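The exercises below ask the reader to work from the whole chain down to a single residue. Please look at the sequence and the model before turning to each solution.

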Amino acid sequence: MSTSTLIDTNVLIDVWGPGGASTAWSTDAIASCRREGALVVNQIVWAELAPLIATEAQLKRAADMLEIDRESLPWGAAFLAGVAHSRYRRAGGLRERTLPDFFIGAHAAVAGHRLLTRDAPRYRSYFPELEIISPETLP
């Protein structure tokens, strides 16, 4: 059975940005998820990666090398993101946690993808049914 995985921006920054403490984990996690099924990003992740890579053509080549598919955000995910973000703000959430993070989590939840991220607690709080792959679940 194939399992698709939406990759959060922070994991791709680990791989394509300057090396750091999480680079090896993120590289291995992407390879592991790829063996189990499709890798996916959406427009939100694409936009967040834009400052990291000089041109969109280079970003597309980098994504193609990792066999990452680009998938549009479903309308139902946009609605779920708005509801989750509203709950977050009513609970006292800071504006620094902007709507894009909620779009990413909602997209994974609505489309039936797992989410590969280093920021698992935030997503678990607002998308409890979402399967999350993080350093805590894939050491």
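**Exercise 1.** Decide how the radius of gyration of the chain stands against that of a compact globule.

*Solution.* A compact globule of 139 residues would have a radius of gyration near 14 Å, and the chain has 14 Å, so the two agree; the radius is taken over C-alpha atoms, and the globule rule is 2.2 Å times the number of residues to the power 0.38. The C-alpha atoms fill a box of roughly 40 × 35 × 30 Å along the principal axes. This is a predicted model, in which local features need pLDDT of at least 70 and side-chain atom pairs count only at pLDDT 80 or more, while totals for chains, interfaces and linings use all residues. Residues are numbered from 1 along each chain as its sequence is written, and side-chain values use heavy atoms, with hydrogens and water left out.

**Exercise 2.** Determine whether Ser 134 is buried or exposed, and describe its surroundings.

*Solution.* Then, leaving aside neighbours within four places in sequence, Ser 134 is in contact with Trp 25, Thr 117, Ala 120 and Arg 124, where contact means heavy atoms within 4.5 Å. Finally, the side chains of Ser 134 and Glu 136 make a polar contact at 2.6 Å (a pair of N or O atoms within 3.5 Å, one able to donate a hydrogen and the other to accept it).
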